[in-house]
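Hello,

I am passing a structure over to you, and my notes follow below it. Please have a look at it first and then read on.

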Amino acid sequence: MAVLDSADFIAENPFYYGYDVVYYTPKWNVIRYVNVILYCITVVAGLIGNVWVVWKVGLVLIYNRSVKVSQKILVCIMILCVFDLTIIGALVLVLDDMIHGAWRFGLVACKVFYCMEALNKFVPPIILVQVSWFSYRSITRAPGEKSSRLGYILIGCSAIGTVVIGIFLAIVCISARTTTFVLKVDHELKDVFVTTKCNIYLPPKYGIVFSAAASLIGYIITTIIYVYFYASVPVFLKRRYKSLSYVKGINVNSDAALFRVSRTVIALIIIYLICWTPYWVMFWMAQLLPNLPRGLVIVSIYAHLLSYISCAAYPIMLTAINRGIMSAHSQIVIRKKRQLATIKAGALQVFLQTLATQINVFEMWIRAADSSTQSNSNTQFEEIVFDQESDQQL
């Protein structure tokens with residue numbers, strides 16, 4: 001427990017004048033340990049996973065323009081990855097609140113956190129819808145075909161959704177605030193135990209409208225579009241294989257390919273529904289039930305965690321299942337290693353040549369010095385002999 005600056009609290013609650021205002025730290029229990037451990041695992045896994053995706057996809061975007069993957073999909077994955085890294089940063093604040101039992105970062109951080117929280121509920125689903133659309137068009141689009149009317153409709157819906165999200169963010173920023181609650185009062189010791197929480201407080205008559213609009217855009221519409229595009233991929237492929245078999249007389253063994261595509265599509269849809277459906281169900285239960293039972297509160301914590309897990313799961317999965325990205329990344333790494341080896345070999349060769357040149361120059365200098373020394377010694381010897389002969393003549 002830490003003693004607080006109680007001036008503001010006493011000003012709002014003058015009947016606690018003379019009391020020491022302290023944070024109340026809840027006791028640790030099994031559920032709290034499990035929550036903290038799960039959130040820590042999510043933070044670490046999200047950081048490692050998204051950094052791995054940046055390494056894979058970023059390298060392909062920078063060095064390989066001929067990869068057999070839509071550049072739009074690569075850009076969407078990178079945007080999703082960078083956005084998820086910021087969301088994981090916001091998750092650290094949630095983790096701190098769990099550990100200390102109170103919000104310790106002030107009003108501004110509270111508003112920023114809830115803006116990021118709102119973006120987490122809208123931006124990833126919209127990006128995933130874009131990825132599903134690009135994946136669908138990369139398979140169904142004929143060579144040279146122009147953008148379809150459905151594509152323009154989707155772009156228009158995305159633009160409208162962006163404007164609506166901006167309105168939601170303004171409402172969230174205005175409504176988010178910190179509140180201090182009195183948990184226990186010890187009149188003998190003159191201590192009042194409080195905790196501070198960061199929450200959104202909407203007027204009741206606007207809360208249902210806001211919640212309905214948020215769930216409609218953030219979950220219902222995006223889920224329908226997402227499932228439709230991904231579910232249409234194996235159906236389209238099956239029709240194409242049949243047309244090749246019956247119209248052109250080509251025997252196409254499509255069972256293995258269709259099974260692989262269907263398995264991937266089902267995995268993408270199931271993970272999406274698992275990560276987001278529990279959150280929105282608990283979101284509406286919290287809106288409709290004034291006081292949730294303790295069991296549902298615990299369930300809501302884990303449902304909230306699932307929306308954060310999607311931040312780590314989707315970029316990793318979209319990258320790992322994409323053979324084009326993995327193959328292109330491997331080729332780039334091999335090519336860069338060869339270039340580095342060539343550079344090292346060239347640098348070593350230049351160094352050895354320079355060293356050999358310096359050794360030759362040094363040897364020539366030594367030889368010149370030796371010959372000069374020998375010449376001087378001969379001259380001195382001749383002078384001595386001449387002097388001796390001159391003395392003998394005298």
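How close do the axes of helix H2 and helix H8 come, and at what angle do they cross? The axes of H2 (residues 30-63) and H8 (residues 294-320) come within 8 Å and cross at roughly 15°. Axes here are lines fitted to C-alpha atoms, for helices over the stretch in contact, and angles run from 0 to 180 degrees between N-to-C directions. H2 and H8 are therefore roughly parallel to each other (angles under 35 degrees count as roughly parallel, over 145 as roughly antiparallel, 65 to 115 as roughly perpendicular and the rest as oblique). The contact of H2 with H8 has 19 nonpolar, seven polar and two charged residues. In that count, Ala, Val, Leu, Ile, Met, Phe, Trp, Tyr, Cys and Pro are nonpolar, Asp, Glu, Lys and Arg are charged, and the others, Gly among them, are polar.

Before going further, please note that this is a predicted model, where local features need pLDDT of at least 70 and side-chain atom pairs count only at pLDDT 80 or more, while totals for chains, interfaces and linings use all residues. Residues are numbered from 1 along each chain as its sequence is written, and side-chain values use heavy atoms, with hydrogens and water left out. Helices (H or I, at least four residues) and strands (E, at least two) are DSSP runs, numbered from the N terminus.

Next comes another helix pair. Helix H3 (residues 71-100) and H4 pack at an angle of about 160°, with their axes 10 Å apart. That makes H3 roughly antiparallel to H4. By class, their contact has 18 nonpolar, four polar and two charged residues.

H4 (residues 106-140) also holds Lys121. This lysine counts as buried, at 2% relative accessibility (buried means under 20% relative accessible area, exposed over 50%, partly exposed in between, with a 1.4 Å probe and protein chains only). Leaving aside neighbours within four places in sequence, the contacts of Lys121 include Gly218, Trp276, Tyr279 and His304, where contact means heavy atoms within 4.5 Å.

Thr223, in helix H6 (residues 204-246), is buried too, with a relative accessible area of 9%. Not counting residues up to four places away in sequence, Thr223 touches Tyr272 and Leu273.

Finally, the strands: S2 (residues 176-186) and S3 (residues 191-200) pair in the antiparallel sense over ten bridges; pairing needs at least two bridges found by DSSP. Thr178 stands opposite Cys198 in S3. The two strands form a hairpin with four residues between them, and Lys190 in the turn has a positive phi of about 60°.

Best wishes
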